[in-house]
Amino acid sequence: MEKNAIEIEGLTKIYPAGLGGKEVKALDDVSFAVPEGIIFSLLGPNGAGKTTLVKALLGIVHARFTKINLLGEPVENIKVKERIGYLPENHKFPPYLNGGQLLKFTAELHNYKGDDFKERSRFLLEKVKMSKWRKAKIKTYSKGMMQRLGLAQAVIHNPDLIFLDEPTDGVDPIGRKEIRDFLISLKEEGKTIFINSHLLSEVEMISDSIAILNKGKVVYSGSVEALTTSKEVYEVELNKNPDDYILFKLRDFDVVETKEKEIVFKIKNEEEISKIVDILRENDFVITGLNKRKSSLEEKFISLVERTKD
Ligand SMILES: Nc1ncnc2c1ncn2[C@@H]1O[C@H](COP(=O)(O)OP(=O)(O)OP(=O)(O)O)[C@@H](O)[C@H]1O
Ligand SMILES: [Mg+2]
């Protein structure tokens, strides 16, 4: 049976009211699970509760919950934290340390006993393209360099579950691609990766599964595919433009749209597709392509987040 790396049931976090302010319900009865060995992304607009959720899982903020399991252990078992890596949002590492020292510091915090530490440290700095800066003090790093080092420190102790809060924040496009490749290589080693992000196109490229959080509530959880593929709408690409005669022949079907060398149908069942294809071919059309229509993750995201607006 497939195991879950993360199981959350009934997680609620209320930040108390500050001076003259109102209390904030940052998480409202959140429940979902993340299977082991996948790249999972938690999406949501600013203030949705993504950072609060990760902090609640790690015990950095105190929250109410029915159940939280990490790597099969109840979250109360602090030993499990040795197997967890974390890149915080807007992290501030000690500015007087250099890159290599920070990795050593983090490994010690996690009680990492591997005698391959030196080798691992060099390997990871190479992976995140920070070898050159190993001996430079953190206070001299740019934002992108801080993120790269942050990623290396999140995995220095070879954790099985890795939380990354906005990992590509401030990183240039080439760096983002490198980070994606790095995350994929971690997944290939069997690690579970949990990303907080609002960069939809990026998340779409690498996530096996996502959840969308809005105002502290989960409004979607599942695959990107299931969210963006609409089963009923098919685009049929043709060798020539559809004319009135062929549209007349196809009058029994639900044509959504005609375009240059293309007809878009809404279909009731799969048999309809074969019938449509037959009619087109009988009338000297060549089918050059047949696609289920996809909407972008961004379109779906906006509609989900808007629908739950109050
Ligand atoms: N320490 C705190 N005290 C009071 N309210 C807080 C605190 N931290 C967060 N909040 C509030 O909780 C809500 C969720 O914030 P959170 O930082 O978890 O959102 P987020 O989804 O990570 O947003 P972003 O995409 O901007 O990082 C917001 O309304 C925020 O103002
Ligand atoms: Mg955040």
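Me: What makes β9 and strand β10 count as paired, and in which sense do they run, parallel or antiparallel?
Reply: This is a predicted model, and in it β9 and β10 (residues 217–222) are joined over five bridges in the antiparallel sense. As one example of how the two strands face each other, L213 stands opposite V218 in β10.

Me: How many residues lie between β9 and β10, and which residue in the turn has a positive phi?
Reply: Two residues lie between the strands, which together form a hairpin, and K215 in the turn has a positive phi of about 50 degrees.

Me: What other strand pairs with β9, and in which sense?
Reply: Strand β3 (residues 39–43) pairs with β9 in the parallel sense over four bridges, and here F40 stands opposite S209 in β9.

Me: Why is helix α1 called largely enclosed?
Reply: A residue is called buried when 20 or more other C-beta atoms lie within 10 Å of its own, and eight of the eight residues of α1 (residues 50–57) are buried, so the helix is largely enclosed by the rest of the structure. Among these buried residues are K50, T51 and L57. Just after α1 comes G59, which takes a positive phi of about 75 degrees.

Me: What makes strand β9 mostly covered?
Reply: Five of the six residues of β9 (residues 209–214) are buried.

Me: Which residues touch the most other members of the largest nonpolar core?
Reply: That core has 59 residues, and those that touch the most other members are L149, A152, I162, L164, I193 and F194. Helix α4 (residues 143–155) supplies the largest share of this core, with seven residues. Leaving aside residues up to four places away in sequence, F194 touches I6, V34, F40, L42, I162, F163 and L164. There is also a second, separate core of eight residues, which includes V236, L250, I276 and F285.

Key
Residues are numbered from 1 along each chain as its sequence is written. Chains are lettered from A and ligands numbered from 1 in the order in which they are written. This is a predicted model: local features need pLDDT of at least 70, side-chain atom pairs count only at pLDDT 80 or more; totals for chains, interfaces and linings use all residues. A residue is buried if 20 or more other C-beta atoms lie within 10 Å of its own, exposed if 12 or fewer, and partly exposed in between; C-beta atoms are placed from the backbone. Two strands pair if DSSP finds at least two bridges between them. A nonpolar core is a set of buried Ala, Val, Leu, Ile, Met, Phe, Trp, Tyr and Cys residues joined through C-beta atoms within 7 Å. Two residues are in contact if their C-beta atoms, placed from the backbone, lie within 7 Å.
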